[in-house]
Structures are given as structure tokens and as C-alpha cells.
Amino acid sequence: MSIFSCKRLLDRARQGALAGLFVLMAHLSYAQTSVSGRVTDAATGDALAGTTVQVKGTNVGATTDAGGRYQITLPSGARTLVFSFIGYQPNEVEIGNRTVVDVRLTNADNALGEVVVVGYGVQNRRDITTSIGSVKARDIANQPVTSFDQALVGKIAGVQVAQTSGAPGAALSVRVRGTGSISAGNDPLYVIDGIPLSRDTKFATGSTNTQFPDNPINVLSTINTDDIESIEVLKDASAAAIYGSRGSNGVVLLTTKHGKEGRTTVSYDTYVGFQQVTKKLDLLNAYEYAQLNYEGKNNAYLDRNPNGRPTDSNEIRQRGVGAPSTLIPPQVTPYLSGQSGLTNTDWQDEIFQTAPIQNHTLSIAGGNANVRYYVSGNYFDQRGVVINSGYKRYSTRANVDIKSGKLSVGFNLNPTFAHHDLIKAEGPYLADGVIGLAVQIAPIWPVYNPDGTYNFDANGWGFGATSILNPVAVAREVSDKLDHLRLLGNAYAQYDIAKGLSYRLSVGSDINNFQRTYYRPSTVEIRDRKGPSVPTGFARNQNFINWLVENTLNYSRTIGLHNLSALAGFTAQKDRRTSAELTATNFPNDLVQTLNAGQVTAGGTDIQEWSLLSYLGRVQYDYNGRYLVSAAIRADGSSRFGAANRWGYFPSVSAGWNVSQESFLQSQTWLSDLKLRASYGLTGNFQIPNYGSLSLLEYRNYILGADVITSGLAPVNSANDKLKWEKTAMLDIGFDASFFRNRLSLTVDYYNANTSDLLLNVPVPRASGFSTELQNIGKVNNRGFEFSLGTRQTFGQFQWTASANLATNRNRVIALGPSGDPIIVSGGVAGAQFITQIGSPIGQYYTMLVDGVFRNQAEVDAYPRTATTKPGDFRFVDVNGDKRIDFSSDRTVTGSYFPKYTFGFVNNFAYRGFDLGVTVQGVQGNKIMNLIRRYIYNEEGNGNQFRGALNRWQSPDNPGDGQHNRANRLQTGSNGEISTWHIEDGSFVRIRTISLGYALPTTLLQKLRMTRARLYVTAQNPFTFTNYIGYNPEVSSRPDNALSAGEDYGTYPLPRTMSLGLNVSF
Amino acid sequence: MKNAFILLCGLGLAACQNDFLDLKPQSQPNVDNFYQTANDFGNAVNGAYDALQSSNQYGGDFNTLIEARGDNVLDNDPSSNAGLRYNIDRFIEPTTNTILRDTWGSLYTGINRCNLILDKIDAVAMDARLKARYKGEAQFIRALSYFNLVRLWGKVPLVLQAGTTTDARSYVRNEVTEVYAAIEKDLTDAAANLPASYTGADIGRATSGAAKGLLGKVYVTEKKYAQAVPVLREVITSGTYRLLPNVADVFNVANKNNAEIVFAVKFRKGVGGSLTEGHGLWYGTNIGDNIEPTLRAAYPAGDKRLPLTVQIPVPSNVNVVPRKFYDEFSATNDVGNDFPVLRYADVLLLYAEALNEVEYQAAGEAFQRLNEVRTRAGVATYTASQLATKEAFRTAVINERRLELALENDRWFDLVRTGTAVDALKVTNITVPPYRVVYPIPQSEIDTYNNPTAFPQNQGY
């Protein structure tokens, strides 16, 4: 663009802005007339009471009465009336010369005329032939959530949103139509205002522990939920194919608010509230714990010294057996006699807190025919329910759209600064996992010593006890901060070349900077090492620059009843990540915690890049809105693909038939609308390593001479130049129907998705020097049904709208590796195995089966057992029937993290100014591998235990409930082997949100010179119904690893939030 | 500018597509641009040594596979890692035991690094002496790896050229004799290629003495005693190595690279980060003594080697560790003892054993060498009347190896090669099924080949 044309554009923009200001002031003087009318539901003809009627550009307005009638006195110059009613599409009507203006409003929930955002464009809901789930601003507004994806829970059939961690700003697991990929990631592609985001930022912060990684942060939480206009989820391959090699996990299109033509609206939306944990684990108190500890020691002692007595002193035990684990610690003895007033710490209370949350958004929006603008600022602060954790966000958004003749230009900028106070919640006690520590540390220890320092007596207690650090000290003293600075934005220019033909150039960028600083002070001991620790710290800096250039041509034409539109485009996107990390130790003290105070022991920088070039095209045709067809193709070339497979092609077709428009159905009154749809398409998953096709070398140093580090290099993987995207072919058949004048709507979809060329680390003979090679091999099938049912009922001034959705998904592995052998991986511990085998879902639990405990010696003798099994130990099932218990061959499939079905139920009630919303979410038929039970449900008396431990076997005469093994500090019978003892039903039904609001009536608003004022209270996660004994049945310690999902090895509990909110507009 | 470039590309200039899409890693070398200079090979050789440091080899797991398996060390922790190590100690490990799998893999990882060097180095011009040394080092590491493989598993695939993963699917389990022949050749070549000693920051690399000493050990293992005698004699008469007067000094972390060390895998504590160069406590424990009482009982009174097997506490830590491998923890929570793979006392004992096997000589040189080791330990020397026969001498020298080389990953192999494993373990109340003198082939490999003819499991498993 030349400088001259820029200048002209700016001139026009200035004129446009002035024109806008003029309109704002235009309501100063006029003659008075009056207009009246009636407002009804377009579909049912019912009167709509309480509709706001406003003279556009003024504060003058009225509200309809019970009969839907209104009367309004018009200021002079009034030209347009704006009708708005919650749940309906607003309607603007020119008054003209009329004195009576009757209006029919269209229900937004099943509005077939509603505009839906699709990839690279928008479409009328009526014309859509693919499967797209849609959520509007009002459906997600005002919930006390960190990011919008939390508000999607339960809203869209086939989109399972699981909040696996309750940490403020932690990532969620979002799965569209199941899990298609085994290793390449299953996150959908997020496209924000047209910019497809890179998934890499999710892992930018790294982890403090490689074996038990931190839950990744949610980079989407930089988006202010109040700025969102709509969210569309492209579910089937035909809708997603326009995103080619990134479409196979579904695509989430997020559109932010833009200014609208009309008077300037200033809005302030806020809520403040407090959060508490949804649940505390039911653990033993100090007295019960001491009893268990004592019993465990005695059983360990008596196993070794059958002639011993439980009353034997430690001296006798020392002489007779010697093992420290059989000695009775003096610290538990006072509890055994029931002495009162002893330390009895509830460690959960010590690490949990009631935490405040607040959100404030101030926005200004408006515009005229030529210029529209939207500016907002947001402050959000959420303290965590676990001490010393939290998340803060400061964000602004500014967008301007300018139209001048055939040229339109605009930009949208969203700078955000977010600050995370991180805490290590994932992982067991040995990984500094705060939750794991708090539930395991014995309640006999105080939090603080009398002198106010942290008590670390549980570290190196002796007596064969596992060393446990003080969780309060770890949570409070370890400093782990993350600053995230993001600039997400785009700009476009569009030129109408000819009638129906336009060209658009769009450039966008997503620039992210992450700075994580970690410091572990001397005041926090190291496990098994007493006294002040040597402080350690690290600093990580990651910069992402992702830029995108898109050129698209759009053409649309109507000839008679034939409607045709076409899209052609060329896009280029590149992502460059530079990172730096420094690790230091030997800080002289904790006074200065930046790395300059310590000795830097390791450091490095890294550069990673990927690029993507694409050609895309789409043609849509319909005949009179009755017969619809669409075809699209995208060609993607990526640096990630091997040299032998650089380009991939992703075609799709879809067709629809609006049956209800056929003459033979016109006479039906019960059927308002019926559209049949079918689609088929190919999509890909390009989330493969940046340089996975090459044989890479890594530093493998060696020590020589006088302890000199000598650099060495060695290949760490083999080369595969055929490496490429994973491919999903999906068929979708469905219909959208509505009945009884649109009072009831139903959408049903069936899909069948075959994902092939799965990226797998295929085991190769280790004699090659490598254990695995990344290859495109393997197939997975996902198929399922989705149902969405909606209804809207009006009883006078009382309104009820409800939508319910239910989705099933069956996941099945079709092919794996050259030999077809199952993939068996271990989770957080060696015996926690997961099996991925042909014919079954990905990552089923593969463990031993436990059938209660042996009640007496006779039972032990009569059944296969381990060499050390005694009465009171677990009866493992001899699965292969070889009359012996073998922990490799007697394993079997014991459950899956995948639910049988998921559902959501959204209810909204409105009466006069009151509104009540209830959202229910349900997940049924999933299992959780609760590994925390390894420590707190093992009856060892080593750490604290679930209260159920009281039901343990104690003797043949007192066998407990037959399920809980005996207390024993030194386990016999391999009770600790991962088994069905550790696997639980994760089904749950959760009341996700209850919200009650009251909106001031228009008459009052006018006096206050306001256009909207609503006060509300919200309860988030108030109730969860589940049998799961851990914190959260949605848990998954490694949500990004499909092969071993569903493990609970310590997790940040979900908060229950009560908030009070206010929405006002002027 | 770049965007303009992309726009132009969009107009159909296909040529720029390749530049845009062909991104090579900038922070990581890849095989396509490596193995091209002398410096590359220097790095590659160091990378080959690195494999020996692996926690699956000398860094840790060998202690379980070769020492705990024997009668010196007891694993008393059945619950940790579902009995992963305990099962090996008690001869009940399943074929799926991950230590077996990972050690097998680690040894071949090292072999592959050596193969890549030896495949590619001839095509690159560099100083002839340096090239010979690099080749010798790769040959030495490869031979050592195969020596460990063949002793642990018996018949194993003999891979002497780097192959693709597809090639690897057609590997078979070669005969034990073929593997030993390759080891002998590698060590013979290495002895010719390697220098006798190094200076400065090269100290610690494999020397010709190390290659010869290891070759002697290989010959003794194969019972090729007549061939063992001359190579071991060369090591002894070279004068490069000697016994330190105080046996404890050999293991002192402040006295690394001492004159008794013929070859050690070297470590350094406190490096931290992902490229840690240290290791965890060897034989460390916090749940009671894990040294077999029978080992301590085998030491004569006043034996200076007995205290080396005694568990002593580590400062600021709940663990105890045998004095032989005592080190204090670094800030990054690791320790840095070197692991003595071959030391002069071992060479002397091997030499004495080989001489005796060739021909028993009352008070001959074999006695002299054996007694050198005993004298240094502060115990009485053997006289010809005490060890009057070849068999008596053999028993004495094997027992001496147990006392001298306790915890140094020799005992299990000594028991197996002398056919005494079953009897020796009986003393510690462990019944050894005879087939368990070699380990089961890792189940992962049996599964990957899925070919019982070319790639069968070891008998009995």
C-alpha cells in the first residue's frame, strides 16, 4: 500500500470517527411523537413480557407489559427502535412514519438464522452442513473462571472439558470427539480471531521434576472471558479440514467482541468472591494413626520373630530382629495410652485456605457506519485454595474496524500480563508434591516448633519411616513464579475487487514471553538430609514469536435460486522459540534469591522453529437453501514433516437437505424445521516433534583427568525421513430438527473417525542402539453419538429454557506397530501399568486383580499366593490360572480413563427481572488409577491413611470388612503391587454453576441513565456427586500423555467458588 | 521484509517454499552434519565413554546384576519398585524386569556409538596417531560392552557395524564363541592402537595396558589360560601400575587416577542439570545392612579390606554406604566415586590364577603374585604347604578375588566362570536354579523379534 493511500485512509477514518461523535451527540433536540406495539416470539407467537425497547442512540426506552405491549414517547430525530430480550436476538427496526411497530423476536438458542463462525468465514446456521457446536457470550459470561474453556464444561455435546487441576491458571484437558492420537497430542487447534495458536506454549514453563511433571499452564487464560463474543467448535472433519494438518483434534474458533454501530456503550462487569476446596480427604487423626503405626510395627516384628510378643521393648526387638522398621517410635507411644491434648495436626487445613477471587472489566464500544471500535481493560486476581498459589491477569483489548468505500481495514490488539504463583501440587511426596506431602505426613507432627521454625521431625524420623517434608514449609517457602507477557493481535485489509469478489490480507502474530524463577531456600530441608539445605534455584526464559500471513479471495454470487460462494487462500505461518535456562546452587543464604547470589551450575539456550505453508480452497453451493453442498481442500507443507513427505492434502465434502422446505412437509404443523446432513473429510495432526525426522545428537559428556568435564556427543534417536502428520478420516451423519413452532429442538450426530499413520515410538530391537523409533504406524477408531435437545417454554412472564446434551464415544485401537504388540507403559511407578492394545481403548489400566484379603491361614493355603503372603494380605487373582501369582503374567485390564458417556444440562429460568441458571455436568463410566492410595491406603502406618483403614484385617476373628489388608510396616504378600485396590470409579455428576441474578427494570434504568444493571450471585462447583475418594474424579496426572492418562498421584483440588457480581452499562 | 517475501512466494514462486520449509535444528547437531572432522570424532568418542557411566551400567545397575546377584550383597528391600532389585538378588526376576531391559539397551547404545565411529572414521582425514587412538578407544569400549553382554546373557547379537532399525530386525543371537572372538580382536587391535598412558585432561582414557589387562580377563573367563599369561605379564612388567601401600587409598575420592587403576569409569559429583555426571550412593541403604554377613566373616583377622565393606553414615543423610565407595553428597544430591573396572590387584590375581591353571608350581610366581595382594592387605601370605594342589590354589585365589574385589562387580562372574555359583549361594540360603547363571533375554527383545528360532529365550525362562 502506498503512503498516499494510507494517508487517504486515515483521513477517511478521521471523518468516520467525527461522524460517530456527531451521532453520539445527536439526541439533543427534537419534536415529540409516540409509538406503540406488541412484541412476540417469532416462532410461537407468544407475547414477550419484559422486552426492552429503546430508541437507538438515546437513553429513552420502555419495557413491554405482560401482554408484550409497549408505548414509547419518541424524541425528535428518533429513527430506529432496538428491541432486546434475554435469550433472543436483538432486533433493530426503522420507525419510518409508523405509530404502531409490532416486532417478532427470534429465539437465539435455536435461531436458524443465527450466524456461525466457520473456518475463514461465517455462515448461516441454516446453511451449515457440517457439525459445529456453538456457544455465545451470554452462555459463558459472569462465571468465576480463570479462562473461557472452564466455562465450556458440559455445554457442547462431544466436547469433553475436564478440569484436571484446580490450580489457578492451570491447563484443562479439552477433547473433541475422543482421543485420536496416542503420542502427538489431542488438544484441539485454537483459532483466536483467525490466528491459529501454536500448542507449544502450553509446555513453555517446563517443570521442576521430570518424572512427575507439573500440570502445564493454561495459555488461554490470558483471554478475558468478558471479551468473547462467541466460541465455535468445529467437530467433524469436514468443518475442520480447512485447517488441514491441524484439524484432526477439532478446532475451537474464538471470536472476540467488536464495536457495533450505534451509541457508545460503557460497560462495567465485575464479580468478587471466595473459594474453598470442594473436598477434603477423610484421613485418620493422630490417635488413630498412632494405633495403626503401632500395629504395623508389631506385625512386621512378629513376622520376623514369631516367638516375640507385641509388648516386647525396643531393646528386645533390636536384639531379636534388628530391623528399625519393627521398633516402636517413642513419638507414638503417648497416643497409644489415649493421653489427651497431644499434637493432632490436620495437615489439609494447614495447606488449604479460603481464597478470594475478583474480576473487573471495563469496556467501551460503539461506532458508526464507517468506524467501529471496542476497547476493554481487565483485572483478574485469583488466589489459590492451596496456600501461596494464585494467578493474576492484567489485560487490555483494542480493536478498530474502518470501512471506506471498497476498502476495509482493521486491527485487534490484546496485550496481557499474567503472573502465576505456582506450587508443586502434582506428584507424590518424593517430588515435593505439596498435596502428596500433606495427606501423607503423620498428624502427630506439629507444623511449627515452639521457636516458630518449621518442624521437620518427619524428615529422617528413623524407625524405618519414610522421610516426609513439612508441606507447609514446602508450599510457603519454595518460591516458584511465572510471568507471562503476551501480545496477541492481527490486522487486516480487505478490498472489494468486483461485485461479490473480495481480497483480504491478514497478518497476525502471537508473541509470548515466559519467565519462570524458582528458588528453594535453605529453610526447606531435603528429604533424608537433616538441617538447612543447600539452596537451589533456576530461571527459565522462553520467547515465542509466531507470525501468520494470510491471503484470501472470497467470491459469492446468487443467480436466481442458485447461491454460490468460493474461497481461495494462501497462508504462511512460522513459529520460533528461543529459550534460556540457568540453574544455580550454593547460595550463601536466603537473602538474595536471584541466581547471581549462587554458583551457576548449568545453563543453556535453545532455538526451535517450525513453519507451515498452506493453500486452501472451498466451494459452497445451495439451491434455494434447500439442497446444500460444500467441498474444501487444504494443502499443508511443514518443516516438521520428513523430506520424503513434505506436503499433505486434506480434502472434504459435505451435503445437506432442508427437508422441511419440501412441499410434502409444508403442511405439517408439528415439524418446524428438519435438515439432514452428511459429511466426510480428511484432517491431520501435525503436533509431531520439530526435528523428529532427523537423527539428532545430544551432549553426552564424560569426565576425564582431574574431574574435568569433557564434551561428548551421541545420537539419541534414529532418522526417519518419511515422518509425517497423523491422518483422520471422519464420516458424520446428522440432522437438526425443531418441533412445535421451534419450542423443542433436537440435533443428533453420528460420527466415525479413523485415525491412521499414528505417530508411535515403535519399539525397535535395542541392538540397534535405540529402544524406539518414531514412525507413522497404527490406527485408532473413534465413533459415537451426540444428542442435543433444547426447549423453551413461556408461562406468562415466567420463562424456562433448557438444553441437554449427551455424547458417547467408543475409542478402539485398530493397529499398532509392525508386530501389533500392545504398548505397555508405566505411570508414576513401575507397577502402575497401562496397556494400549488392538481392539481396546488407548491406555487401559493393566494391573493385578485383588479379590479381598485372605481371612485366615486356611484360605491362604487353599489359593495361589505370593511367597510371603500371610492372613490379612491381599488375595491376588490367578488370572492365567497357572496356580501361581506372577506380577507379570497375572495382570489384566482393569479399567479405562475414557467415560462411557458424558452429559451436560443447562437450565435457565427467568421471571420479570430475575434469572436463575443451573449447569450440570456428568461423566459416567470412567475409572481412575488413584496412586496416592499407594501411600495413604497401604496400612503400613508409615504415613497417614484414609479413614477406611480402620476397616482393616486385624486377626482371623476380627477380619475387618474383608477388603482392607492388615497393618504391616514391612509388607508381606506384595500388597503394594498396583492392583484394583488402587483403581476407582471416577463417575461423577457435578452441579457446575448455580447463578441467580436480578436486573433492574428499564424504567428505573432510565432514571439512572443506564442501559443495563444486573446483580447476581454465583456458586461454582457447589456440589459433586461421586464415589471417588480422592479430590477430583477428573484428575489425570499426565493429561497430555494419552498412553497413561487417568492417574492421580497428587493433584490440586478444585475450588468451590461463591461470588457476587454486577453488570452495568451506560 | 519477510512478509513481503512470503507474499511473493504466494504468487507462485515455488522455489522459496523449500527454503521456508527446510528448517534444520539450530541448537542440536544432527547426524547429517556430524562425523566430519577430527573434533567431531573426539566428541563422539567421549560420547561412547559416556555410555559406561549410565545408571544402567557402572553408574548403578551393574551393582545389582553382578554383585547383589552373587553372595556378597543382599537386597533387603522387597517393596521398593515392586521388588525390582530384590527379585534379581533372590533369583526370581521375571523376564520383564526393567533393569535387564535397560542394561541390555544401554550396552548396545554404547556399542552403536562405537560402531558409528569405527564405520565413519576411515573416510575422514586427520592426524594418524589421533585416528588410531580414537579407533582404539572405540574398540576398547565396544569390547568391554560385549564382554559384559556375553557374561550376563550368553548368546547375544554381534553387531559390528551401525545398522538401521530395519537392519536390526534381522539380527540373530550369535554364538558365544563368535562374540568372544570379536572381543579378542577388538582388544588386540585396541592394544596396538592405544598409547600406554596419557597426560593432563586425557588421563582416564583407555590405554594399551587397559586393553591388554581386559584381554587377559577375557582369556581367563574363556579358560584360555595359556593366552592370558603373556598379556597379563605385559601389563605387570610394563611398570605402569603398582599396588598402593594402603588399600583404602585406592578408593579415596581424593585420590582418583592412582597408580593401581588400570581402567575406571569416571564420575564427578555436583554437575547437576540434565547432564549429571555423578551417581547415587553405591550400595547405600537406610533400611539396614545389605552386606552379606558371610562376606565379612570371610576376612581373616586384621584384614585391612574388611573395613572397606563396613557401612558408614554419610553426613546430613540417612543412608549408610560401604567405606569403599564413601563420598559426601554434593549440592545437587549426587556423589562422584570412580568405578574401578580393572585395577592392578585384579591383574595380579588373574595372572596368578592363569599361571596356576597352566601349571601348578609350589611357591612359584603364582604364589608370589597372590601374596603381593595379601601382604598389602595386612594378612598372612600363603605357603606352598597350605596350598598344595592346583585345586587348593584355585580355591584360594578365587576367595582372594572375593575379598580384594568385593563390591567391584566381579564376584558373580567369578562364581559363574568357575562353576561355583549354585554352591556359593547355598551358603546364603538362596537356591539358584542352574539355568539362572545367565539372565533371561529381556522380554522386550523377545517380543520385538518375535522369532523363537532366530531369537529364542534362554533355556529355563
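UniProt positions are given here in the numbering used for this structure, feature names are shortened, and annotations may be inferred rather than shown by experiment. I kept this in mind when I looked up the UniProt annotation "domain: SusD-like N-terminal", from an unreviewed entry, which covers residues 19-219 of chain B.

I noted that this is a predicted model, in which local features need pLDDT of at least 70 and side-chain atom pairs count only at pLDDT 80 or more, while totals for chains, interfaces and linings use all residues. Residues are numbered from 1 along each chain as its sequence is written, and chains are lettered from A and ligands numbered from 1 in the order in which they are written.

**Entry 1: the annotated spans.** Over residues 19-219 of chain B I found 58% helix and 0% strand, with the end C-alpha atoms 57 Å apart; helices (H or I, at least four residues) and strands (E, at least two) are DSSP runs, numbered from the N terminus. UniProt also places "domain: RagB/SusD", again from an unreviewed entry, at residues 320-461 of chain B, and that span is 45% helix and 6% strand, with its end C-alpha atoms 35 Å apart.

**Entry 2: where the chains meet.** I next asked how many residues of chain B are in contact with chain A. There are 79 of them, and they touch 77 residues of chain A, where contact means that the C-beta atoms of two residues, placed from the backbone, lie within 7 Å. The elements of chain B that give two or more residues to this side include α1 (2-10), α3 (38-53) and α18 (443-449), but α6(B) gives the most, with 8 residues. By class, this side of chain B has 32 nonpolar, 35 polar and 12 charged residues; Ala, Val, Leu, Ile, Met, Phe, Trp, Tyr, Cys and Pro count as nonpolar, Asp, Glu, Lys and Arg as charged, and the others, Gly among them, as polar.

**Entry 3: α3(B) against α6(B).** I followed α6(B) to its packing with α3(B), where the angle is about 165° and the axes are 8 Å apart; axes are lines fitted to C-alpha atoms, for helices over the stretch in contact, and angles run from 0 to 180 degrees between N-to-C directions. The two helices are therefore roughly antiparallel, a label for angles over 145 degrees. Among the residues that make the contact I listed B:Phe41 and B:Leu52 of α3(B), and B:Arg113 and B:Ile117 of α6(B). This contact has 9 nonpolar, 4 polar and 1 charged residues.

**Entry 4: the two domains of chain B.** An assignment, automatic or from a database, divides chain B into domain 1 (36-194 + 429-450) and domain 2 (200-264 + 291-418). Their C-alpha centres lie 22 Å apart, and 27 residues of domain 1 are in contact with 27 residues of domain 2. I saw that α4 (61-68), α7 (128-153) and α9 (176-193) of chain B each give two or more residues to the domain 1 side, which divides into 16 nonpolar, 5 polar and 6 charged residues.

How values were computed:
Parallel < 35°, antiparallel > 145°, perpendicular 65-115°, else oblique.
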